[in-house]
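Take a walk through this structure, one part at a time. Keep the sequence and the 3D view side by side.

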Amino acid sequence: MNSDDYLDGNSAAGELGRIFAIDITAAEGQCASCGTTRRFAEARVYMRGPGLVVRCAACEHVLLRVVSAPHHVWLDMRGMTYFRFDAPEVAVPGSGT
Amino acid sequence: MWRVGTVLALHDETASARTITLTVPGWPGHVAGQHVDVRLTAADGYSAVRSYSIASAPNQRRIEITVERLPDGEVSPYLTQQVAVSDRLELRGPIGSWFIWRAQQTEPIQLIAGGSGIVPLMAMVRSRASADSAAPFRLLYSVREPAAALYRDELQALSSRDSSVSLSYAYTRATPPGWTRPPGRIDDALIAETTWPASLEPTCYVCGPTSFVENAAGLLTACGHRPDRIRTERFGPTGGRK
């Protein structure tokens, strides 16, 4: 893959809005590999494969994977220690609703 | 979560970009900088989803998206050449809570757009105007050539009637006659000349193709802008933002 072959967390938010009740782009996530904490919007997103792969912008470790099949959506989050969301009452209305 | 919008109007912005105005029943309203996903479904059930930034200021009744046609795109040729008034489109959104500007923000704002990366930043400029915000805005807009610039007349009008909105262009392939800077990507000299200094602690919004965003955000960081003041949004021909 060349160095420009990725987008960012903004482009994954619609698909992940099928799963999460709150928009995740402003959520802070910690990489389980290097410990960097960033907004999800800043993560690198690779969409060319059969699924969606989100990597840490600092160390490229896989944070999260989503694979959509006709009857199931697979979500693998083992690359993250945590996600921290703003409480729903201060979140922007939008996806997930 | 998919809503059905109806096309109200079509407007060609350039030879390859078209603005589509939609009315969406049940639309919850949006914040400048957010995007929508558009889903097209073929007769055989194959569907394709693409993200498009909202270009219009927050409005409860309708939204506008501006779509740049990609030569070998799956969705953008349809949206820019075939879709007609009163057609229906499936939409999901609004999406995004990080790459947004709200009218309550009063700090200086630095916008940097590459190509059709102007679209969500235009929503911010329009939102500022419709909210009568006094937040000082600067926009640096990089395009291939003069004819590729979106919203040129409206941006010119907004900046000439409000001294708190300043506008600078950069041209990467061809410049207008008499333009002093040779064609080229944004560099540190242009950043220093046309954007807010880091000492004013502006919030910076950078949107464009991935390579453009990496370059511009890197230049801002090198000028002393704190990484947490730089918000970025990348798009590319990979099934993501167009």
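In what order do the three strands of the open sheet in chain A lie? The order is 3-2-8, and the pairing is antiparallel. Bear in mind that this is a predicted model. Strand 3 (37-39) and strand 8 (80-84) of chain A are the edge strands, each pairing on one side only. From one strand to the next, the twist averages 25°.

Now look at how strand 2 meets strand 8 in chain A. Strand 2 spans residues 28-31, and four bridges join it to strand 8. The two strands run antiparallel. One pair to pick out is A:Q30, whose bridge partner in strand 8 is A:Y82.

Turn next to chain B. It has five helices and 11 strands. Its radius of gyration is 18 Å, close to the 18 Å that the globule rule gives for 242 residues, so chain B is as compact as a globular protein of that length. Along the principal axes, its C-alpha atoms fill a box of roughly 55 × 40 × 30 Å. Of the 242 residues, 44% count as buried. Among contacts in chain B with a separation of 6 or more, 73% come from residues 24 or more positions apart.

Finally, see where the chains meet. The contact takes 24 residues from chain A and 27 residues from chain B. On the chain B side, strand 6 (88-95), helix 5 (210-222) and strand 11 (230-235) each supply at least two residues. That side of chain B divides into nine nonpolar, 13 polar and five charged residues.

Conventions:
Residues numbered from 1 in each chain as written. Chains lettered and ligands numbered in written order. Predicted model: local features only at pLDDT ≥ 70, side-chain atom pairs only at ≥ 80, totals over all residues. Pairing = 2+ DSSP bridges. Axes fitted to C-alpha atoms, helices over the stretch in contact; angles between N-to-C directions. Contact = placed C-beta atoms within 7 Å. Nonpolar A, V, L, I, M, F, W, Y, C, P; charged D, E, K, R; others polar. Rg over C-alpha atoms; globule rule 2.2 N^0.38 Å. Buried ≥ 20, exposed ≤ 12 C-beta atoms within 10 Å, placed from the backbone.
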